Amino acid sequence: MVERPNRKRIVVLGGGFGGSYLAKELTRRKYGLDAEVVVIDRNNYFIFSPLLVEAGCGSIEPRHCTVPIREFAPKAELLMAEVSGLDLERKRVHFQLVGDDQCRSIAWDHLVVALGSVTRVLPDHIVSGVREHAFFMKHMSDAVAIRDRAVELLELANAIDDPEERRRLLHIVVVGGNVTGIEVVGELEVFVREASSQYRNITPEDITFSVYELNDRLLAVLPENLSNWGTRLLKRRGIRVHTGTSVKEVHSTRIVDSNGVSVPCSTVIWTAGIAPSPVLAQLGGLPLNKFGGLQCESDYRASGLDNVWGLGDCASVPGPDGKPMPPLAQIAIRQAPQVAANIAAVEQGRRTQPGHVQLQGVLVPLGRHRGVASIKGLRVHGFAAWAMWRAIYLMKTPRFGRRLRVLVDWIVNAFCTKDYVQLGMHPASRRGMARPTCKDGEEAPDMEPHR
Ligand SMILES: Cc1cc2nc3c(=O)[nH]c(=O)nc-3n(C[C@H](O)[C@H](O)[C@H](O)COP(=O)(O)OP(=O)(O)OC[C@H]3O[C@@H](n4cnc5c(N)ncnc54)[C@H](O)[C@@H]3O)c2cc1C
């Protein structure tokens, strides 16, 4: 990296929603900042997560829910690297370029931490087997792995004779009945049922989806009437809803719920909450709260540190009501302009301003052209909510070319059958499945294809 002695440098750790929107803001003229902006992320894209479940379930091409950082924030410098350490005294970040084994470092004048979150996995003595056996829905590889798994299960279930084992293979359990979990169960159920019409030995009764939610209702983030409407819809579609119940053990062939009931299944998708990126603790020296999040003041400054800022899922920033702002893309995006303005204020000797970002609304697609939505007091359900979800997220998808690609995918899918193929046999999709053991010359039973 060429060092330019007279120019200030702002280093942004993480180029997700928060980091990339901030990088774009910081390079705008309106802030009057003559600074070099460097984003460090392990990927050269970020995921437009509202479309991730659709990408996994084949409604859009997986690539189309990614946003290339270089294209999105062209005036910022991107380093595709793993952030590994901080030297707060000397104001340097340590990192390792992807594909290189050398540790490098870069100096900052302002540092912004936007490293996002991970799926929360509880310790083994509370819930065992999650890391070993469960699937997540956070990254592109997770979405692809779940889709590959679903196709693999259909192929296997179609080929075997034992009806009980077929039903176990086609029982998919989603743990966590809030927005992500409900979106996953709603869309994946449609994907599996539609795909199953191509498998002559699989009947609709062989397929089961279950949701487990510790709260006494699904979609607790929504008003009760919308949450009840959504729950009734899922139940009518045959999805088993277990509220007030958690999962205690996850095994490769079953789960054990909090009532001690053992339930045979093949696949568990874990969407029960998120936690700030554990990288924050590894970096050292940052003020962290008891959940491991970066503790910030209301103007996004990391508590007790000069010129270190935080935003997005990894930062705990008090909102106008004094409570931490929720970990959502819509929040991270709207935090970015205020962080940029505050960095400019520090550079120009002005006072910083607190953030005033509030939740605008929640939209949840439930599959089969239905959804629930609550936006600024407006409560909508059914087709209208689903259509609103699509219209709003299409408009929010960055850049015209990407919007067009997503729109074309949706139109094509409305008229053509999806491709029920695996996208790359992601190794995670084979979790808990038997490995090939056939040996040369070994006597093996005959298999008659079903009629
Ligand atoms: C399936 C799903 C659906 C969602 N739907 C919605 C929705 O409809 N509406 C909404 O508002 N929110 C939604 N969200 C939440 C939203 O995705 C997050 O709130 C948002 O991504 C937070 O932005 P961020 O910048 O804090 O983190 P992220 O966008 O996760 O970015 C963090 C970045 O840091 C990088 N990183 C992490 N560690 C390192 C390291 N050590 N070195 C280098 N780089 C690193 C990562 O690669 C990543 O690019 C959804 C989330 C999921 C999983």
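## Before we start

Because the model is predicted, local features are reported only where pLDDT is at least 70, side-chain atom pairs count only at pLDDT 80 or more, and totals for chains, interfaces and linings use all residues. Residues are numbered from 1 along each chain as its sequence is written.

Let us begin with the overall layout.

Where do domain 1 and domain 2 touch? Contact here means that the C-beta atoms of two residues, placed from the backbone, lie within 7 Å. By that rule, 13 residues of domain 1 are in contact with 16 residues of domain 2. On the domain 1 side, helix H2 and strand S9 (117-119) each supply at least two residues, and H2 gives the largest share, with 5 residues. Sorted by class, this side has 7 nonpolar, 4 polar and 2 charged residues. In this sorting, Ala, Val, Leu, Ile, Met, Phe, Trp, Tyr, Cys and Pro are nonpolar, Asp, Glu, Lys and Arg are charged, and the others, Gly among them, are polar.

## A closer look at Gly56

Gly56 belongs to helix H2. Is Gly56 buried or exposed? A residue is buried if 20 or more other C-beta atoms lie within 10 Å of its own, exposed if 12 or fewer, and partly exposed in between, with C-beta atoms placed from the backbone. Gly56 has 26 C-beta neighbours inside 10 Å, so it counts as buried.

Setting aside neighbours within four places in sequence, Gly56 is in contact with Ala143, Val144, Ile146 and Arg147. The C-alpha atoms of Gly56 and Met137 are separated by 9.1 Å, although these residues are 81 residues apart along the chain.

Strands of a sheet pair through backbone hydrogen bonds, either parallel or antiparallel. Two strands count as paired if DSSP finds at least two bridges between them. An open sheet of 7 strands has the order S7-S6-S5-S2-S1-S8-S19, with mixed pairing. Strand S7 (104-107) and strand S19 (308-310) are at the edges with a single partner strand each, so one side of each has no neighbour in the sheet. From one strand to the next, the twist averages 40°. S8 and S19 run parallel and are joined by 3 bridges, with Val113 opposite Gly310 in S19.

Helix H1 lies across S1, S2 and S8, at about 165° to S2; axes are lines fitted to C-alpha atoms, for helices over the stretch in contact, and angles run from 0 to 180 degrees between N-to-C directions. Why is H1 described as largely enclosed by the rest of the structure? The reason is that 10 of the 10 residues of H1 are buried. Among them are Phe17, Tyr21 and Leu22. The cover over these buried residues includes strand S1 (8-13), S2, strand S3 (45-47), helix H3 (69-72), strand S8 (110-113) and H10.

## Around the ligand

Which of the 33 residues around the ligand come nearest? They are Gly14, Gly16, Gly18, Gly116 and Gly312; a residue is near a molecule if its C-beta atom, placed from the backbone, lies within 6 Å of it. Helix H1 (17-26), strand S2 (35-41), helix H2 (52-56), strand S5 (77-87) and helix H10 (329-347) each give two or more residues to this shell.

The shell divides into 16 nonpolar, 12 polar and 5 charged residues. Both domain 1 and domain 2 contribute residues, so the ligand lies between them.

Another open sheet has 3 strands in the order S13-S14-S15, paired antiparallel. Its edge strands are S13 (247-250) and S15 (262-264). S13 and strand S14 (residues 254-257) pair over 3 bridges, and Val250 stands opposite Ile255 in S14.

Strand S21 (residues 361-367) is mostly covered, with 5 of its 7 residues buried. S21 runs antiparallel to strand S22 (residues 370-375), joined by 6 bridges, and Gly367 has Arg370 in S22 as its bridge partner. The hairpin of S21 and S22 has 2 residues between the strands, and there Arg368 takes a positive phi near 50°.

Conventions
Helix = DSSP H or I, 4+ residues; strand = E, 2+ residues; numbered from the N terminus. Domains from an automatic or database assignment.
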